[in-house]
Amino acid sequence: MQTLDKFNFAGKKAFVRVDFNVPLDENMNITDDTRMRAALPTLKKILADGGSIIIGSHLGRPKGREDKFSLKHIVKHLSELLGQPVKFVDDCQGDAVKKAAAELKAGEVLVLENLRFYAEEEGKPRGLAEDAGDEEKAAAKKAVKASQKEFTKHLAELADAYVNDAFGTAHRAHASTALIADCFAPENKMFGYLMQKEVEAVEKVMKNPVRPVTAIIGGSKVSSKITIIENLLSKVDNLIICGGMAYTFAKAMGGKVGTSLCEDDMLETAINIMNKAKELNVNLVLPTDCVIADSFSNDAKTSTCKNNEIPDGWMGLDLGPESAKVLANVIKSSKTILWNGPAGVFEFPNFEAGSRAIAQAIVEATAAGAFSLIGGGDSVACINKFGFADKVSYVSTGGGALLECIEGRELPGIKAIRG
Ligand code: AMP
């Protein structure tokens, strides 16, 4: 497989798919440029080789051309980050784009307009009436799929090489994230550095990990994590289930959970997971105690009790001290750790202690040589809140994409390059 390090971009034009889907305030100022910074090593390598760059990205979820989703808003900041001027063309299709790309000189950077201004990027029809019939929907889908080929070919023809550095959208089979790769020979398509790091981190956990392996799955709902849990059961030594999900397990075992988060339609699923864990010899670790509150509020009255003896009118919002200790010990005895989903309502300072204890244990295990991967939405916010992001092995930038990897799916953006 081609790699960024092996490829010499001198005199070549690279189409680089990045994830510049950054948050903007009402004055169109970038409020968090993490995603832009994450792509800099790739962009700098291409420029240092003497190549030129055509940047493609999406921003937000536009329904067509919408000024607030224009990538023109990120150009000035990208230019500051790269320390050089950056060109912008207010389209991603057509003659003006072809001309701007053709005129690009070695060492120059051109940003294309938001790829999702065109329905062809996602390959999903737009503007269908709500009461459109199945036939109409099928015809619209067929039409957009047909024009998607032209759209993709147009993007590919702008460049000599294709670099995908957008891990955050690697789980989408879109024109610029996956389909475009087919237009390039194997030696001319590759991952960017960010994508490469993400893929390596996931594989360290999911393929031949150093044992013992511990996955910590928290968050709110069993239903949203069921595929992940099922896939992990055949891979891990310890599976810690915490957060709001744990109360569904407590109730499934006949416990009293008060007004805690609980999915009654998942009780049987919880029992099946416990049986499967036993069958596979996986140590399934559930919290035994919790911090309870008399309302869903940081200022609620609190107490501590067993996870399966929560009084009526009270809800479990965090791990209790006993569970925090037990879970931390399991984590500290691990050599590979995956954490997805907080252990409590960490957004409320009074209910963050359990998630903090988990984060602290991961930091200690990492310092002792374990590999730790944190990812998928709220656990990233959690590790950042506690200031531990640089004390774990890897914090993933891809929410949905990482979750799909843990579910065991092959991401279209990865497959398109690997073949
Ligand atoms: P998820 O998106 O499923 O990973 O869930 C993350 C959310 O779960 C966070 O916003 C947490 O506040 C929430 N959460 C964690 N533990 C609990 C709990 N015991 N009760 C209610 N919400 C919880």
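Good morning, colleagues. Residues are numbered from 1 along each chain as its sequence is written, and side-chain values use heavy atoms, with hydrogens and water left out. Because the model is predicted, local features need pLDDT of at least 70 and side-chain atom pairs count only at pLDDT 80 or more, while totals for chains, interfaces and linings use all residues.

Let me begin with the overall division. The domain assignment gives domain 1, residues 13–191, and domain 2, residues 200–406; such bounds come from an automatic or database domain assignment. Between the C-alpha centres of domain 1 and domain 2 the distance is 36 Å.

Helices (H or I, at least four residues) and strands (E, at least two) are DSSP runs, numbered from the N terminus. Arg17 belongs to strand S1. Is Arg17 buried or exposed? Its relative accessibility is 0%, so Arg17 counts as buried. For this term, buried means under 20% relative accessible area, exposed means over 50%, and partly exposed lies in between, with a 1.4 Å probe and protein chains only.

The side chain of Arg17 takes part in polar contacts with His58, at 3.2 Å, and with Glu121, at 3.4 Å. A polar contact is a pair of N or O atoms within 3.5 Å; within protein, one must be able to donate a hydrogen and the other to accept it, and residues adjacent in sequence count only if both atoms are side-chain atoms. Arg17 and Lys385 are 368 residues apart in sequence, and their C-alpha atoms are 29 Å apart in space.

Val18 sits in the loop between S1 and H1, and with a relative accessible area of 0% it is buried. Along the chain, Val18 and Leu40 are 22 residues apart, and 9.9 Å separates their C-alpha atoms. Met28 is also placed in the loop between strand S1 (13–17) and helix H1 (34–49). Although Met28 is not a glycine, it has a positive phi of about 65°. Its relative accessible area is 24%, so Met28 is partly exposed.

A further loop deserves a moment, the one between helix H6 (193–206) and strand S7 (213–217), where Pro212 has its place. What kind of peptide bond joins Arg211 and Pro212? The bond is cis, with omega at about 0°. Asn208 is found in the loop between H6 and S7. Asn208, not a glycine, has a positive phi of about 45°, and at 77% relative accessibility Asn208 counts as exposed.

Now to the aromatic residues. How many aromatic pairs does the structure hold? There are seven. The rings of Phe7 and Phe9 have centres 4.6 Å apart and planes at 55°, which means the pair is tilted. By definition, rings of Phe, Tyr and Trp (its six-membered ring) pair if their centres lie within 6.5 Å; planes under 30 degrees apart count as stacked, over 60 as edge-to-face and the rest as tilted. Phe7 and Phe9 are both buried. Elsewhere, ring pairs link Phe15, Tyr162 and Phe184 into a cluster.

Two loop residues follow. Ala368 is in the loop between helix H11 (353–367) and S16, and at 57% relative accessibility it counts as exposed. Gly377 lies in the loop between strand S16 (371–374) and helix H12 (378–385), and at 44% it counts as partly exposed.

I finish with the ligand. Which of the 14 residues around the ligand come nearest? They are Ser220, Lys225, Gly316, Glu347 and Asp378, where a residue is near a molecule or strand if one of its heavy atoms lies within 4 Å of it. By class, the shell has five nonpolar, six polar and three charged residues. Here Ala, Val, Leu, Ile, Met, Phe, Trp, Tyr, Cys and Pro count as nonpolar, Asp, Glu, Lys and Arg as charged, and the others, Gly among them, as polar.

A polar side-chain atom of Glu347 is 2.5 Å from an oxygen atom of the ligand. A ligand nitrogen atom lies 3.0 Å from a polar backbone atom of Gly316, and a ligand oxygen atom lies 3.1 Å from an N or O atom in the side chain of Ser220. Taken alone, the ligand exposes 500 Å², and the protein buries 82% of that; accessible areas come from the Shrake-Rupley method with a 1.4 Å probe, and for residues only the protein chains shown count as cover.

Thank you for your attention.
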